[in-house]
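The exercises below are meant to be worked through with the sequence and the model side by side. Try each task before reading its solution.

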Amino acid sequence: MTTDHSQPPHIDTSRAHPARVYDWLLGGKDNYPVDEAVGEKLPPEARDAARQNRAFMNRAAASLAARGIDQFLDIGTGIPTEPNLHQIVQRTVPNARVVYADNDPIVLRHAQALLVSSAEGVTDYIQADVREPEEIVRHAREILDFDRPVALSLIALMHFVPDDQDAHGIVRGLVETLPSGSHLVLSHAAIDIFPELAEQVIAQYAKGGIRLGFRTRAEVARFFDGLELLPPGLVTATEWYDADQEPPAPEQCGIYAAVARIP
């Protein structure tokens, strides 16, 4: 399965974009001066957070693949950074199917990297915004079997959807499309772990034209209402790991993270 690359995507380089700022924080090259300007003004802990968040994604994806989950819907994919989610899960489940979605056209430019699947598996990419979940699900159904478990991955995404855009309702609607035995993987910036740092980050992103909705632990927990949290529950990203995995080095972290099963 391939994505149409015949039309070059239009990339707005006059405004910062979360995917490109995140790429800069991870040390990537696929960003523009406007994104770097935001990143440079962030506290140094923001780079740590990006790294910690990425490491959580790796552990969570590997854990679910080890449990036999072979279908993944990753929304807010970001610019490809190896290992990508499909590379992680296809090591364990070579025939895994992965659908990526992101709203930054620069990700479409790099989608070919996201589409290099294992011979047995399938990967696909759609340019879409999580605030248009019906479009994402419609496309994902062309690749994924929604009668079997799907892992929904929302990594460091929902804090870019403020409360007035119904972040909790969006996640609830996505979860309701998934069958029993599916999983929700979610990480989210905290407002209540390091409040002063969080306010600095919010202010700097706002100067770049990006609204943030950092949340308290209780507000993040609402995303998992009605779901069965896997051990160790809702913790910081550096505290989340599967019992069969090597524990990450202890670090301060301002990101909440959890994996939950849909009953």
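**Exercise 1.** Are arginine 20 and aspartate 104 buried or exposed?

*Solution.* Before starting, note that this is a predicted model, in which local features need pLDDT of at least 70 and side-chain atom pairs count only at pLDDT 80 or more, while totals for chains, interfaces and linings use all residues. Residues are numbered from 1 along each chain as its sequence is written, and side-chain values use heavy atoms, with hydrogens and water left out.

Step one is the term itself: buried means under 20% relative accessible area, exposed means over 50%, and partly exposed lies in between, with a 1.4 Å probe and protein chains only. Step two applies it: arginine 20 is buried, and aspartate 104 is buried as well.

Step three asks what joins the two residues. Their side chains meet in a salt bridge, at 3.6 Å from N to O; the term stands for a side-chain nitrogen of Lys or Arg within 4 Å of a carboxyl oxygen of Asp or Glu. Because arginine 20 belongs to helix H1 and aspartate 104 to the loop between strand E2 (97-102) and helix H5 (105-109), the pair ties together parts that are 84 residues apart in sequence. Helices (H or I, at least four residues) and strands (E, at least two) are DSSP runs, numbered from the N terminus. Finally, a network of salt bridges links Arg20, Asp35 and Asp104.

**Exercise 2.** Determine which residues of H1 are buried, and what they pack against.

*Solution.* Begin with the count: six of the eight residues of H1 are buried, so that the helix is mostly covered. The residues concerned are Ala19, Arg20, Val21, Asp23, Trp24 and Leu25. Next come their partners, for these buried residues pack against helix H2 (33-41), H3, E2, H5 and H9. After the helix comes glycine 27, which has a positive phi near 85 degrees.

**Exercise 3.** Describe how H3 packs with H1 and with helix H4.

*Solution.* Two packed helices are described by the angle between their axes and the distance between the axes. The axes are lines fitted to C-alpha atoms, for helices over the stretch in contact, and the angles run from 0 to 180 degrees between N-to-C directions.

Take H1 (residues 18-25) and H3 (residues 45-66) to begin with: their axes come within 9 Å and cross at roughly 100 degrees. The two are therefore roughly perpendicular to each other, given that angles under 35 degrees count as roughly parallel, over 145 as roughly antiparallel, 65 to 115 as roughly perpendicular and the rest as oblique. In this contact (heavy atoms within 4.5 Å), Tyr22, Trp24 and Leu25 of H1 meet Ala46, Arg47, Ala50, Asn53 and Arg54 of H3. These residues divide into five nonpolar, one polar and two charged, where Ala, Val, Leu, Ile, Met, Phe, Trp, Tyr, Cys and Pro count as nonpolar, Asp, Glu, Lys and Arg as charged, and the others, Gly among them, as polar.

Now turn to H3 and H4 (residues 85-92), whose axes are 8 Å apart and which pack at an angle of about 30 degrees. H3 and H4 are therefore roughly parallel to each other. From H3, Met57, Asn58, Ala61, Ala62, Ala65 and Ala66 take part, and they meet Leu85, Ile88, Val89 and Thr92 from H4. This contact has eight nonpolar and two polar residues, and no charged ones.

**Exercise 4.** How many salt bridges does a search of the whole structure find?

*Solution.* The search finds 13, and two further examples can be followed residue by residue.

- Aspartate 70 pairs with arginine 148, their closest N and O atoms being 3.1 Å apart. Because aspartate 70 lies in the loop between H3 and strand E1 (71-75) and arginine 148 in the loop between helix H7 (133-140) and strand E4 (151-155), the pair ties together parts 78 residues apart in sequence. Aspartate 70 is buried, with a relative accessible area of 15%, whereas arginine 148 is partly exposed at 33%.
- Arginine 215 pairs with aspartate 163, with the closest N and O atoms 2.9 Å apart. Arginine 215 counts as buried at 1% relative accessibility, whereas aspartate 163 counts as exposed at 55%.
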